[in-house]
Amino acid sequence: MTDPQDLRTQFLWVVRAMLVASGATLAVGLLLHVAGSPVRADQVLRGGLVILMATPVVRTLIAVSERLRQRDRYYLLVTTLVLLELSLTFWYATMHV
Amino acid sequence: MLPLDPAHIPGATIVVGILAGVIAGSLGALLGIGGGVFLIPLLNVGLGLPLKAAAGISLMTVIATSNAVAVTSESRRFINARLGMLLQVAAVAGGLFGALVVQGLSVRTLYVILALVTGVIAVVMLTRLDRRNVILDSSTDPGVLGGRFYEDESGAEVVYRVRRLPAALSVALGSGVISGLLGIGGGILQVPALNAWCGIPMRAAASTSAAMIGITALGSAPIYYARGHIIAPLAAATVLGVLAGSRLGLWYAPRARARSLKLLMAVVLAAVALIYFYRSVAA
């Protein structure tokens, strides 16, 4: 039976690292904001939010690369559909900034 | 309503944001529903944020919680990625649709939608407190989309099949739309429906949903971000609070009993429904 689990252990550190990076960036940005430099704080905070939003995409890409090695075509097809939908969202967001 | 200038959020407001995050994060991780449904009332009613700003921040915390769940071994063993990714096709489409149409809806309409959604789910949960969708025979074939996991409470391997896939897909689409409209993760709809209609055990439904709602939220979060609905300092405070809170919730989750989880979930949802029925009348 195909392994129904999400991520294989050897790539979990990438997602963990992004989680820590976004958390640390947001914390630094928050401290800058409280310390009274709102412009620099805003730049740092936006960076943290972008890392946060990128994490599920990276998670999905790692999962699909694992499935490729297992020749799980069903999973590849389904994930490609999801990634196409997400690129539609990103496209709309960048067009309307 | 508080006059909030994104460049100068007072320290006290940031502390309240962190606390709201801790509360929502721990409850959300405990129940596998992302925490957004608790965060929206806390930010909207408690801090006086406009609903769209609360929704934007909530989407960010949903992404953070979901990431945290996906790397936690306690939850990972319950996650059904094959089913989750299929449901995601419908959920992300719903999220995109919701984020696009939310601009044209009145605040009152959104309050009514939030009240109806949470009210219905509270009733569903209360009527299903003692149901278990598990097959305690590990020789059962789980099929293409089903799964298996070891359950501590029964001390045996639990095997389940997925029933009524079209229903599951419709639920995912609907929860995606709700996620895009209100900023709640969508797990609030998915977990009880997958459990009630599709035969997926509560733990598997909750963990699978918690792992996938981060991607569902991504179907609408960039649009909220681009429209300027996400107040960065408050989003940061809340996200950090939620990350701390979700660790707390996940730490406690293995000790929690399925029945008490459902009861707690139903009571909280009923309270949220009442708050928003009142607000829709008062609006």
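Mentor: Let's set the cut-off before anything else: a salt bridge here is a side-chain nitrogen of Lys or Arg within 4 Å of a carboxyl oxygen of Asp or Glu. Keep in mind that this is a predicted model. Side chains of opposite charge can pair when their charged atoms come close. With that rule, the structure holds 1 salt bridge over all chains. The partners are Asp42(A) and Arg46(A), whose closest N and O atoms are 3.1 Å apart.

Now look at where the pair sits. Asp42(A) and Arg46(A) both belong to helix H2 of chain A, residues 38-69, and because they are 4 residues apart there, about one helical turn separates them. An α-helix has 3.6 residues a turn, so residues three or four places apart point the same way. As for cover, the relative accessible area of Asp42(A) is 30%, so it is partly exposed. Arg46(A), at 34%, also counts as partly exposed.

Step back to the chain that carries the pair. Among contacts in chain A between residues at least 6 apart in sequence, 58% join residues at least 24 apart.

Further along chain A, go to helix H3, residues 73-95, where you'll find Leu84(A). Leu84(A) has 54% relative accessibility and therefore counts as exposed. Together with Leu77(A) and Leu81(A), Leu84(A) makes a nonpolar surface patch of about 300 Å².

Leaving out residues up to four places away in sequence, Ala221(B) touches Met53(A), along with Leu59(B), Ile63(B) and Ile230(B). Ala221(B) lies in helix H10 of chain B, residues 221-226, and its relative accessible area of 0% makes it buried. From Ala221(B) to Met85(B) it's 136 residues in sequence and 19 Å in space, C-alpha to C-alpha.

For the setting in chain B, count 12 helices and 2 strands, in the order α-α-α-α-α-α-β-β-α-α-α-α-α-α. Of the 283 residues in chain B, 63% count as buried. One enclosed piece is helix H2 of chain B, residues 36-46: 8 of its 11 residues are buried, so the rest of the structure largely encloses it. Among those buried residues are Phe38(B), Leu39(B), Ile40(B) and Asn44(B). Just after H2(B), Gly48(B) takes a positive phi of about 75°.

Last stop, a helix pair. Two packed helices are described by the angle between their axes and the distance between the axes. In chain B, the axes of helix H5 (residues 81-101) and helix H9 (residues 202-218) come within 10 Å and cross at roughly 40°. The H5(B) and H9(B) crossing is right-handed. On the H5(B) side, Gly84(B), Leu87(B), Gln88(B), Ala91(B) and Val92(B) make the contact, meeting Thr208(B), Met212(B), Ile215(B) and Thr216(B) of H9(B).

Conventions. Residues numbered from 1 in each chain as written. Chains lettered and ligands numbered in written order. Predicted model: local features only at pLDDT ≥ 70, side-chain atom pairs only at ≥ 80, totals over all residues. Heavy atoms only, no water. Patch = residues over 30% accessible without salt bridge, like charges linked within 9 Å, V, L, I, M, F, W, Y side chains within 5 Å. Areas by Shrake-Rupley, 256 points an atom, 1.4 Å probe, with all protein chains shown as cover. Buried < 20%, exposed > 50% of the residue type's maximum accessible area, 1.4 Å probe, protein only. Axes fitted to C-alpha atoms, helices over the stretch in contact; angles between N-to-C directions. Left-handed = near helix turned anticlockwise from the far one by under 90°. Contact = heavy atoms within 4.5 Å.
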